[in-house]
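Subject: Structure handover

Hello,

Here is the structure we talked about handing over. My notes on it follow below.

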Amino acid sequence: SLPAGWNVRLDSGSTKPEGVSVMPMGGGMHFKTGPAGIYYRAADTKSGAYTVSATFHQVEPSAHPEAYGLIIGGADLAGAGQKYTYFLVRQDGKFMISRRNGAKVDPVVPWTDNAAVKKTDASNKGVNALSIVVAADKVRFLVNGTEVNSQPTASVDAAGVAGMRINHNLNVHVDGFGVK
């Protein structure tokens, strides 16, 4: 089950959190995922200038470099016409930005190494604070306070629902998710 007000859309199209454990914990949410998906609240619909942020704690490394992060500009998230922009990091120190439109995914920035992304391995739990700062002219993407990329606002989906994306087979705790 999901905390009150939260919705899920798995990559399979299911809106039921089957194969996923989401628990409120310590003021945040703890995810143990099977399938990949997005998590969002309709109340987090924004346009104009705003910031979405959260701190992700990857509790243990996954077998493959799986990703987690933030989404903005969400529309029709439960339907076939889903669209949103997502900003993800993964345990090998890389980030990426893509746009989803229905089943189609268009890379904005492919997987790119960046020293701001904390790696996760057997000796280090990766903790990454992600933020997306939307302004009238540009959208800034930050990891641990460092801008890793910016895009013209017109080149991403910025107006709509904000939330989180957590890929499959991850054990991740999320603190401080907020949209302001």
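Is D44 buried or exposed? D44 counts as buried, because its relative accessibility is 8% and the cut-off for buried is under 20%. Please keep in mind that the model is predicted.

Salt bridges

The whole structure holds seven salt bridges. One of them brings the side chain of D44 together with that of R41, at 2.8 Å from N to O. The two partners fall into separate classes: D44 is buried at 8%, while R41 is partly exposed at 25% relative accessibility.

In another salt bridge, D157 is paired with R99, and 2.9 Å separates the closest N and O atoms. R99, with 26%, is partly exposed.

E147 and R140 also meet through their side chains in a salt bridge, with an N to O distance of 2.5 Å. Here E147 is partly exposed at 34%, and R140 is partly exposed at 29%. Through shared partners, salt bridges also join K83, R99 and D157 into one network.

The search over the whole structure gives six aromatic pairs. Among them is the pair of F56 and Y68, which is tilted, with 5.2 Å from centre to centre and 35 degrees between the planes. F56 is in strand β5 (residues 50–58) and Y68 is in strand β6 (residues 67–75), so this pair ties together parts that lie 12 residues apart in sequence. Both F56 and Y68 are buried.

Y84 and Y86 make a tilted pair as well, at 5.4 Å centre to centre and with 55 degrees between the planes. Y84 counts as buried at 1% relative accessibility, and Y86 counts as buried at 6%. Ring pairs also link F87, F95 and F141 into a cluster.

Two arginines lie over ring faces. R165 is placed over the face of Y86, 5.4 Å from the ring centre. R90 is placed over the face of W111, and the distance to the ring centre is 4.3 Å.

The sheet

In what order do the strands of the open sheet of seven strands run? The order is β1-β4-β13-β6-β7-β8-β9, and the pairing is antiparallel. The edges are taken by β1 (7–10) and β9 (104–113); each has a single partner strand, so one side of each has no neighbour in the sheet. On average, neighbouring strands of this sheet are turned by 20 degrees against each other, direction ignored.

Within the sheet, strand β4 (residues 37–46) runs antiparallel to β13, and six bridges join the two. Y40 stands opposite G163, a residue of β13.

Regards

Methods:
Residues are numbered from 1 along each chain as its sequence is written. This is a predicted model: local features need pLDDT of at least 70, side-chain atom pairs count only at pLDDT 80 or more; totals for chains, interfaces and linings use all residues. Side-chain values use heavy atoms; hydrogens and water are left out. A salt bridge is a side-chain nitrogen of Lys or Arg within 4 Å of a carboxyl oxygen of Asp or Glu. Buried means under 20% relative accessible area, exposed over 50%, partly exposed in between (1.4 Å probe, protein chains only). Rings of Phe, Tyr and Trp (its six-membered ring) pair if their centres lie within 6.5 Å; planes under 30 degrees apart count as stacked, over 60 as edge-to-face and the rest as tilted. Helices (H or I, at least four residues) and strands (E, at least two) are DSSP runs, numbered from the N terminus. A charge sits over a ring if NZ of Lys or CZ of Arg is within 6 Å of the ring centre and within 35 degrees of the ring normal. Two strands pair if DSSP finds at least two bridges between them. Axes are lines fitted to C-alpha atoms, for helices over the stretch in contact, and angles run from 0 to 180 degrees between N-to-C directions.
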